[in-house]
Amino acid sequence: MSRLVKIGTRGSKLALWQAYYVEELLQKSGLATEIVLIDTKGDQVLDVSISKIGSKGVFTQELEDQLMDGRIDIAVHSAKDMQSNLPDGFEIIAFTEREKENDVLVSHDSSISLKNEERALVLGTSSTRRVSTLKHFYPHVKTVEVRGNLHTRIRKMEEGLCDALLLAYAGVHRMGYDHLIAGELDLDEFTPAVGQGSVAIEVASHLDTQLKSKITEACNHFETAQKLKAERAYLRVLEGGCSIPVFALANLEKENIILKGGIVSLDGKERISLEVVGDLNSPEELGQQLADIVLEAGGKRILEEIKTTLGK
């Protein structure tokens, strides 16, 4: 197939890393490619938290506009940035192999620890999930809103805004900042955002079927995809956007998926975390099952309280 595949991406260094990674996979399969840079609302508005500018499509809307009218063929996203319900006419056709899922502390001070209650620690983060989790497990830790690309966040930290940053390992590693990782956080406490560590490839549903199949064959990692389908099915029921502190992480054990997930209140006082096990080939049903038991265990009330607080 000689057709040129136009790859839409945000312009940050991390987004470009993801786009070049996908481009390499496509080129290895014999496809010609072109990178197309696109600005999104989430990139343009950096002085307001994600929860205030709206969580649906903050990093995807402009890319989807160009997918629909054919200016690009695929859009490359961090899987964790993808809303749980895509607009009509769009689909995800591939998830790349997942990087380590953990959250990490990034700092020039390698002695930093969340467990040191005697130190007045200030962490920079833009994630409501991380803020709420800190309030639950480490209420002595203070947080400050920090957004922008990784380099900008590190500069803000160095200027004294915070002692450390709380980030996803995948982005830190991909940008070459491993030497600043002061600690890797426990997955049982800091269960990550849905999709964290993987790259998602989105297309308009009307894209040529043969081309879609070729892209999926080149880029999709089956085990990762099954895990993320379970996590995203859970998120879909919880209607969790960037402003809702829900979490889920799927792991494989032989032919089964072990899916752990839950929700934490904005003040951190309540946290529900439950686990289900199901067949590898039925990920969506497993996500639905977990969502049902989390909601029944008190998650529905917590979710309603969060939406009321955020004015949703």
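**Strands, helices and cores: reasoning from the values**

Tutor: Ile74, Val76 and Ser78 point one way from β3, Ala75 and His77 point the other way, and all are buried. The model is a predicted one.

Student: What makes β3 largely enclosed by the rest of the structure?

Tutor: Buried means under 20% relative accessible area. Five of the five residues of β3 are buried, and therefore the strand is largely enclosed by the rest of the structure.

Student: What makes β1 and β3 a pair, and in which sense do they run?

Tutor: At least two bridges are required. β1 and β3 have two bridges, so they qualify, and the sense is parallel. Ile7 stands opposite Ile74 in β3.

Student: In what order do the five strands of the open sheet stand?

Tutor: The order is β2-β1-β3-β10-β4, with mixed pairing.

Student: Why are β2 and β4 said to stand at the edges?

Tutor: β2 (32-37) and β4 (90-95) each have a single partner strand, so one side of each is left without a neighbour in the sheet. From one strand to the next, the twist averages 30°.

Student: Why is Thr9 called buried?

Tutor: Thr9 is found in strand β1 (residues 4-9). The cut-off for buried is under 20% relative accessible area. Thr9 has a relative accessible area of 0%, and therefore Thr9 is buried. With neighbours within four places in sequence left aside, the contacts of Thr9 include Ala15, Leu16, Ile35, Leu63 and Val76.

Student: Why is Ala218 called neither buried nor exposed?

Tutor: Buried requires under 20% and exposed over 50%, with partly exposed in between. Ala218 has 21% relative accessibility, so Ala218 counts as partly exposed. Ala218 is found in helix α8 (residues 209-219), and, leaving aside neighbours within four places in sequence, Ala218 is in contact with Leu25, Leu26 and Ser29.

Student: Is Lys254 buried or exposed, and how do you know?

Tutor: Exposed means over 50%. Lys254 has a relative accessible area of 77%, and therefore Lys254 is exposed. Lys254 is found in the loop between β11 and β12. Although Lys254 is not a glycine, Lys254 has a positive phi of about 60°.

Student: What makes β12 and β13 a pair?

Tutor: The requirement is at least two bridges. Strand β12 (residues 256-264) and strand β13 (residues 271-279) have nine bridges, so they pair, in the antiparallel sense. Asn256 stands opposite Asp279 in β13. The hairpin of β12 and β13 has six residues between the strands, and Gly268 in this hairpin takes a positive phi near 80°.

Student: How do helices α9 and α10 pack?

Tutor: Helix α9 (residues 222-238) and helix α10 (residues 283-310) pack at an angle of about 35°, and their axes are 8 Å apart. The crossing of α9 past α10 is right-handed. Among the residues that meet are Ala230, Ala233, Tyr234 and Val237 in α9 and Gly287, Leu290, Ala291 and Val294 in α10. The contact of α9 with α10 has eleven nonpolar, three polar and two charged residues.

Student: Which residues have the most contacts inside the largest nonpolar core, and how many residues has this core?

Tutor: The largest nonpolar core has 22 residues, and those with the most contacts inside it are Tyr234, Leu238, Leu259 and Ile263. The elements that give two or more residues to this core are α9, β11 (246-253), β12, β13 and α10. α10 gives the most, with seven residues. A second, separate core of 18 residues includes Val22, Ile74, Ile215 and Cys219. In soluble globular proteins, nonpolar side chains tend to be buried together.

Definitions and conventions: Residues are numbered from 1 along each chain as its sequence is written. This is a predicted model: local features need pLDDT of at least 70, side-chain atom pairs count only at pLDDT 80 or more; totals for chains, interfaces and linings use all residues. Side-chain values use heavy atoms; hydrogens and water are left out. Helices (H or I, at least four residues) and strands (E, at least two) are DSSP runs, numbered from the N terminus. Axes are lines fitted to C-alpha atoms, for helices over the stretch in contact, and angles run from 0 to 180 degrees between N-to-C directions. A crossing is left-handed if the near helix is turned anticlockwise from the far one by less than a right angle, and right-handed if clockwise. Contact means heavy atoms within 4.5 Å. Ala, Val, Leu, Ile, Met, Phe, Trp, Tyr, Cys and Pro count as nonpolar, Asp, Glu, Lys and Arg as charged, and the others, Gly among them, as polar. Buried means under 20% relative accessible area, exposed over 50%, partly exposed in between (1.4 Å probe, protein chains only). A nonpolar core is a set of buried Ala, Val, Leu, Ile, Met, Phe, Trp, Tyr and Cys residues joined through side-chain atoms within 4.5 Å.
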